[in-house]
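Colleague: I am new to this one. Could you put it up, and we go through it in turn?

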Amino acid sequence: MVFFISFNMLKIKKNIDLVRDEIKQNSHKTKKDIRLVAVSKGQSYIAIKSAFDAGQKIFGENYLQEALEKKKLLENLEIEWHFIGPIQSNKCKLISENFSWVQTVDRIKIVNKLNQYRHSKNPLNICIQVNISEENTKSGIGLNDVKQFAKLISNLKNLKLRGVMAIPSKTNENQNLVSQYRLLKKLYEDLKITYSSVDTLSIGMSNDYLLAIENGANLVRIGTKIFGAR
Ligand SMILES: *Cc1c(COP(=O)(O)O)cnc(C)c1O
């Protein structure tokens, strides 16, 4: 058991160093600071602790109950928690109370509840999830509705609009991916002009983060490449 854990710890540290290196090389090219969210859904709290010890302070979780259990076991660590899963309205209270960021906001009802239940002195950081692949099955709001939605969020005092996030449709064609990134980047830049709080373009996962960074991402969400397969 001890060997198993320390082997995994080393592997996680090695993966984080690698990802950080690659991000750094690419951010030199684009001259931007890029934030790394380690996506720890399906991983044990020990894996999170290993990543934390390797210098990783930002973690993303998709499932509320799982996240709360691990958060409790890690409560003495200064972790910035991002919620990146689908949101049911009856979960808004606990999400608002337990996370610093929510990246998957795409409904008015959810926005209002997150605002209502936020009592921290710090506002809850919000990214609007955008459906850039135009697939009906994907979550996220349509491109044409983003501006109005952003306005609504910006008027709520317990929320802080930080930017946009998307999960591009699965494709093996880089050209198709790049055209999706471009849509989101344009939207991000438009929002940035209107709202001074906007500074986040959240795209890029294990399989596409370098391409996403090349195309303007300044926050990437990486799970498998850090922790291994779920
Ligand atoms: C799971 C997940 C990730 C991480 O995916 P990997 O391919 O494991 O890097 C990123 N973003 C969201 C929204 C996810 O659900």
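Colleague: How far is a polar side-chain atom of Arg 230 from an oxygen atom of the ligand?

Modeller: This is a predicted model, where local features need pLDDT of at least 70, side-chain atom pairs count only at pLDDT 80 or more, and totals for chains, interfaces and linings use all residues. Residues are numbered from 1 along each chain as its sequence is written, and side-chain values use heavy atoms, without hydrogens and water. A polar contact here is a pair of N or O atoms within 3.5 Å. For Arg 230 and the ligand oxygen, the distance is 2.9 Å.

Colleague: How much of the ligand's accessible area does the protein cover?

Modeller: Accessible areas come from the Shrake-Rupley method with a 1.4 Å probe. On its own the ligand has 390 Å², and the protein's share of cover is 90%.

Colleague: Which residue has a side-chain N or O atom 2.5 Å from a ligand oxygen?

Modeller: Asn 62 has a polar side-chain atom 2.7 Å from an oxygen atom of the ligand. The 2.5 Å distance belongs to Thr 224.

Colleague: What radius of gyration does the protein chain have?

Modeller: The radius is taken over C-alpha atoms, and the globule rule is 2.2 Å times the number of residues to the power 0.38. For 230 residues, a compact globule would come near 17 Å, and the chain agrees, at 17 Å.

Definitions and conventions: Polar contact = N/O pair within 3.5 Å; in protein donor to acceptor, adjacent residues only side chain to side chain.
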